[in-house]
Amino acid sequence: MAKQYQALFLVLSICYLFSPDLTAATAATAGSGASKEAVNFIQSSCKTTTYPAVCLHSLSAYANAIQTSPKRLAETALNVTLSRAQSTKLFVSRLTRFKGLKKREVEAIKDCVEEINDTIDRLTKSVQEMKLCGNAKNQDQFSFHMSNAQTWTSAALTDENTCSDGFSGRYMDGRIKNSVRARIVNTGQETSNALSLINAYAKKY
Ligand SMILES: *[C@@H]1O[C@H](CO)[C@@H](O)[C@H](O)[C@H]1NC(C)=O
Ligand SMILES: *[C@@H]1O[C@H](CO)[C@@H](O)[C@H](O)[C@H]1NC(C)=O
């Protein structure tokens with residue numbers, strides 16, 4: 001393995017080790033004053049999603065803001081997913097800066113960044129539609145914007161799947177590939193959870 005890769009992998013590992021720690025620390029601080037009722041609400045709602053542990057991990061920090069509101073739960077899940085996608089994009093785009101990458105590797109990274117970019121675009125549109133849902137003056141307006149939010153979130157999910165396919169080639173360094181894939185898989189799981197919480201909110205309205 002080339003020296004550059006080793007250095008790159010070290011940097012990535014350090015970044016990767018530190019970011020969940022920071023998230024956990026924030027969660028502990030923000031979650032400590034949350035009511036049991038709010039935490040229970042998030043727990044039981046997360047149980048209905050496909051990735052309950054991921055759901056709980058990313059949302060419990062916001063228990064105070066969410067309380068027992070399905071609307072705030074769905075919105076927060078979507079907002080958290082959007083910022084996760086933004087940090088994934090930053091992470092993947094930084095990979096291109098390292099010397100010694102093969103042309104095909106650079107191409108795969110660029111393609112991936114473009115796909116994450118599309119994901120961010122779709123999630124941003126969904127966030128906007130959710131906001132319009134909140135301002136809806138009647139059931140028709142609500143249903144219209146809700147349906148748009150659902151469509152954009154599903155579209156974001158489809159995008160993330162194709163990004164990990166692009167990294168499946170044998171030419172990509174195994175550890176880089178795995179660290180990128182882990183983040184994309186995580187973003188995809190959060191998107192899937194956000195979609196099911198949005199659907200649950202839509203049904204309750
Ligand atoms: C989600 O993000 C949007 C746009 O930044 C913001 O207006 C909204 O208040 C946020 N919602 C929650 C529940 O944090
Ligand atoms: C990402 O999207 C924005 C607008 O949606 C665009 O201006 C930018 O060039 C895109 N970047 C990449 C790397 O595709």
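Analyst: Happy to! Let's begin with a term: a nonpolar core is a set of buried Ala, Val, Leu, Ile, Met, Phe, Trp, Tyr and Cys residues joined through side-chain atoms within 4.5 Å. This is a predicted model, and its largest nonpolar core has 40 residues, among which Ile42, Leu59, Val92 and Met130 touch the most other members.

User: Which elements supply this core?

Analyst: Two or more residues each come from α2 (36–46), α3 (52–59), α4 (63–66), α5 (70–95), α6 (103–134), α7 (139–166) and α8 (174–204). Helix α5 gives the largest share, with 10 residues.

User: What does Ile42 touch beyond its sequence neighbours?

Analyst: Leaving out residues up to four places away in sequence, Ile42 touches Leu56, Leu59, Ser60, Ala63, Ile66 and Leu73.

User: Why is Glu190 called buried?

Analyst: The cut-off for buried is under 20% relative accessible area. Glu190 has 4%, so Glu190 counts as buried. This residue lies in helix α8.

User: What makes the pairing of Glu190 and Arg84 a polar contact?

Analyst: A polar contact needs a pair of N or O atoms within 3.5 Å. The side chains of Glu190 and Arg84 are joined at 2.9 Å, and Glu190 also touches Val54, Ser58, Val80 and Thr81.

User: How many helices and strands does the protein have?

Analyst: There are eight helices and zero strands, giving the pattern α-α-α-α-α-α-α-α along the sequence. Of the 205 residues, 39% count as buried.

Notes: Residues are numbered from 1 along each chain as its sequence is written. Chains are lettered from A and ligands numbered from 1 in the order in which they are written. This is a predicted model: local features need pLDDT of at least 70, side-chain atom pairs count only at pLDDT 80 or more; totals for chains, interfaces and linings use all residues. Side-chain values use heavy atoms; hydrogens and water are left out. Helices (H or I, at least four residues) and strands (E, at least two) are DSSP runs, numbered from the N terminus. Buried means under 20% relative accessible area, exposed over 50%, partly exposed in between (1.4 Å probe, protein chains only). Contact means heavy atoms within 4.5 Å. A polar contact is a pair of N or O atoms within 3.5 Å; within protein, one must be able to donate a hydrogen and the other to accept it, and residues adjacent in sequence count only if both atoms are side-chain atoms.
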